[in-house]
Amino acid sequence: MSRIGVFICHCGENIAATVDCPRVAREAASMPGVVHSVDYEYLCSDPGQSLIKDAIREHRLSGVVVASCSPRMHETTFRRAAAEAGLNPFRCEMANIREQCSWVHADREQATRKAVDLIRMMVHKVARNESLCPIKVPVNKTALVVGGGIAGIQAALDIANAGHRVILVEREPSIGGHMAQLSETFPTLDCSQCILTPRMVEAASHPNITLHVYSEIESLTGFIGNFEVKIRNKAKSVDLGLCTGCGACTLACPLAGRIGNEFDRGLGKRGAVYIPFPQAVPHKPVIDRAKCLRFQAAQKKGIPVQDCSVCGKCADACPIAPRKAIDFSQEDVIITEKVGAVVIATGYELYTGGRPRPGDRYAGCGEYGYDDYPDVINGMQFERLASASGPTQGRILRPSDGLEPQTVVFVKCVGSRDNAKGFTYCSKVCCMYTAKHAMLYRHKVHAGRAIVFYMDVRSPGKGFDEFVRRAIEDDDACYIRGRVSKITREGGKLLVQGADTLSGEQVEVMADMVVLATAMTARHDADELARKFRAAYDKDCWLTEAHPKLRPVESATAGVFLAGACQGPKDIPDSVAQASAAAGKVLVLFSSDELQREPLVARVNRTAPPQYSTCTGCFACKAACPAGAIEVEDITDKAGNTVKSVARVNEGVCQGCGTCVAACRSGSIELCGFTDEQVFAQIDAL
Amino acid sequence: MTLPNQTPRSTCTLGYYPGCALHGTSKEYDISVRAVAAELGQELREIEDWNCCGASAGHSTNRKLAACLSLRNLALARQQNLKTVLTPCPLCSKQLLSAAAEVAANPQVRSEAEQTIEMSFGGGVRAINYIQYCTDSLDAISSRIGEGLRGLKAACYYGCLLTRPPKVVQFDDAEHPTSMENVVRALKGEPVEFSCKTDCCGGGFTQSHPEAVLRLSRKILENAKAAGAEVIAVACPMCQVNLDMRQAAIEKRYGISLGLPIVYLSQLAGLALGIDRKKLGLGLHFVSMPERGA
Amino acid sequence: MLTLHDTTAAEFRAAVEASLGQKAALCYQCGKCTAGCPMAWDMDLSPNQVVHAVQLGMREKALRCKSIWVCASCETCSTRCPKDFDLARTMDVLRQMSLEAKMACPEAHDIIDFHRSFLNSIRRHGRTHEPEFIAEYKLRSLHFFQDAWNAVWMALRGKINPLPRSISGKAAIRRIFDRCRER
């Protein structure tokens, strides 16, 4: 028989001003199953909780109804109190007579009657509550970090330094990401590679970090604490164990200096076998099979590449003996690992700002001539020019004729904030890096003129505004408030047609070089990647955080965290902060061997054989489940033959939303803590 | 890049809306369009009783009037079963497309306009410009030209309204159009790239603000000439008049020498097809195009 | 001085927005329109300043300016605007309002006279007759000798139609004009 205690809170004046709490307590006392009913000023206080605990012991209560504020406030508080008094916490429920009653009604009589109704419903429910135990899920304390840029490296180091194993997967042949391409960073003008490469080396040599470069994620299955990931190690055609990184092969390649280097964004050249940049980690080459003469010939002839006799100069040049480090026969390898948490740190791409291309997420930008004039470049290309290890050894030179430009125009907001091209957002970093570019240019070309066309200047970080003012006041960058309409080539120069809205004048500049601050975009395959991880993404394919204010590094899927620019445009300090935050979340997860989850999950019923369950195996629930928590369970006989396939809920993944309960046609699935019996009892009690 | 809209043309009969300019001082455009069509065996049926579209004066001073004038032409075309209408003047064609879009989007606007023009219009009429016409007829043209234009260096000047506003005209790319160049190439001419190909020539200001035409057209002429053009190819009567009739004044004002013939695309097509110069109205230009040696 | 509590400002802006079908607040004054305008050299208010006048409801400024009349309707502004604001159409709207309010800039009288003469010719015949509307324009503008030699040259080559040709539907055209000019 039920022995239910009802506790009504005054919450000071919040409830008591509108609801007649003593009267409610009196009425509750006569409800079926109620053996104790009191009202009190502040139940969440220590004396209030003691009141409840004492009552549980004294009256041997089998259920508790706390009529007070929203469960979102104090459900945990009261359930813990119940547990401390020896009552299963899931036999303690709250009736919300504040947010849903006293705070939204003015009439005292009506509010009081409603409070009584709410309590009666909850009493009827609690009479049918089961004792539930939290679900325990083991935690595999290995983390997967996807993406080897600054965010991925930071997250990996934090987790590894805490003593856990990290698998770091990077798609390019080297880690470092976009930060490795930058020359100096704002607002300190620190050399980017100088501050990054120590981290890169640390990550690559850390005993707890297993690095997979030139690799991609093939698939991810499982749930928090228990993921299984398949990693594809793409064939590098180089045996990393033998290779010493001497680079002889890269010099011997007949295509050396002929292929546009991705790292230099086309301004520098490489061969088919290449090390992406001098500071690459690992400093080992890969063969670009799409460009390699031997691989292409073999493919055309339809023969295995080992049998092809075309070229092979890289292997000839390799000094390693007896077996060369070049291995044409290498194939992609799929590796399977088990991990407990995932950090996605896959970073960003840049809008090209060129002519429209079919299949692009955004419209093109034909008016600036990016695809037509070699001296119109984007911000990242300027970084490569300015970088000491870049194609021009740090000298700012025109791509067309190699001469030093005397007038450089910087155009901001190319793509960003441009609704007509499909962008609604601001890319956050361009105002800062454009000021930086203007400064770097002026530092290197003392007589040069730097002109910046802008709509706004957004410089909110620490030292940021001072940095922009320095560019304008100390380094004489000329900032003109207005956009550029068109850029055309006149002779050897570029005619830039802009405007100054502050004076209402058109502004024309004959420039030697134009740098476009193009928008940061999500990776072109961000949606595909997000789907692999069941991470949500928005209309621009930025990965969506669990809550925009309070949960910036968690994704919608438990155990999958976000860090860096994949979540939205941001600069290096913010990426690093997010990476450490994500690592912190992972470490919280790893701090116990088991994960406790609320047992308010769905459950498929079981009955006696030969029925085994009223479930008919239609799996409508499986299709409906948004979390992918429903699996197929094959019920077998002693011989191992499958006699029936029914649905089974994975308690580790189930979010308790109840969609499956609604979808089930045979009524075979129910939600613990919210069974049909409980819910209908509440309705009938009204 | 938006490709020229491929209108499925039912038979060889095409509607034809010449507009006031082609019936007036831009006669040679009309003559050459008809000559080329005749040569290709295509019938051009002029919309019977068509009215002026209102041009700049219309849309600049009374938008309702402008829409109604164009809607009447559309309604007439529909009545006369002309589903596709060749409209060599880009201002006329832009007005037709704009009016059609406006009434398609808003039923109230349509019913008010229909009441005003005392006709009903159910849609289903499309205006095409002359470049589109050539592109559609490229096969027929290519099979009939011998040496064609023999490498004539032509700068293809689009002006404003062939590619703008992109949402209304939906033709080619507004920044880097290539449709006219493709036609010239098919005619065995040599298109010459220059920066001003979509810059404004001064449009309707020929009479009322000639200062603007002198200034704007000068840039275009000089730019095309510097790029090595022997002629400038156009597909708009206003552009032709501004660049041709005002060329002498430009030379005088700025002390420069140009001597650049401004030739309609239809005249180039006619030349390539071997039609006699007189039949193409080539003698009616202020800056005449010299005969090409054999 | 702009007094923003004045309601006529809001009324003007609302009237423009109603004709335009877009809110003036869309424009974030980036100036790309001004940058690409072929006639900005001849304008008193730059194109972005014209929009700004609408945004702040500055009716006098917007309707009396010369800018709207020397606009060539080249559509470059609307094509390049990052906010898809139809400035070219706004110019049409402002021109019409300026005429209706009799606030047209006196400096633009030639341009307005030309429009007037052109439309009169259409109203009469259904199509323009060049000699007729040019003659009317010359009488209004007093530019009697402009293009005199060009006219002779063209006449000699048969490019000028001496007589007007009216369409059969000219009465309907007249009715269209009258209806569209009603307030």
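I started with helix 5 (residues 108-126) and helix 18 (residues 676-685), both of chain A, in what is a predicted model. Their axes come within 8 Å and cross at roughly 145°. I noted the crossing of helix 5 of chain A and helix 18 of chain A as right-handed.

I then listed the residues that make the contact. Helix 5 of chain A brings A:R120, A:M121, A:M122, A:H124 and A:K125. From helix 18 of chain A come A:Q678, A:A681, A:Q682 and A:A685. Sorted by class, this helix 5 to helix 18 contact in chain A holds four nonpolar, three polar and two charged residues.

Next I turned to the interface between chain A and chain B. I found nine residues of chain A in contact with seven residues of chain B. The two chains, A and B, bury about 670 Å² between them, and 37% of that lies on carbon and sulfur atoms. Which three residues supply more of the area that chain A buries against chain B than any other three? They are A:R355, A:P356 and A:K486, with 48% of that area.

Between chain A and chain B I counted one salt bridge. A:K486 forms a salt bridge with B:E175, and their closest N and O atoms are 3.6 Å apart. A:K486 is also one of the three residues named above for buried area. Four residue pairs are in polar contact between chain A and chain B, both residues at pLDDT 80 or more. I recorded the side of chain A that touches chain B as one nonpolar, two polar and six charged residues.

Methods
Residues numbered from 1 in each chain as written. Chains lettered and ligands numbered in written order. Predicted model: local features only at pLDDT ≥ 70, side-chain atom pairs only at ≥ 80, totals over all residues. Heavy atoms only, no water. Axes fitted to C-alpha atoms, helices over the stretch in contact; angles between N-to-C directions. Helix = DSSP H or I, 4+ residues; strand = E, 2+ residues; numbered from the N terminus. Left-handed = near helix turned anticlockwise from the far one by under 90°. Contact = heavy atoms within 4.5 Å. Nonpolar A, V, L, I, M, F, W, Y, C, P; charged D, E, K, R; others polar. Buried area = accessible area lost by both parts, 1.4 Å probe. Salt bridge = Lys/Arg side-chain N within 4 Å of Asp/Glu carboxyl O. Polar contact = N/O pair within 3.5 Å; in protein donor to acceptor, adjacent residues only side chain to side chain.
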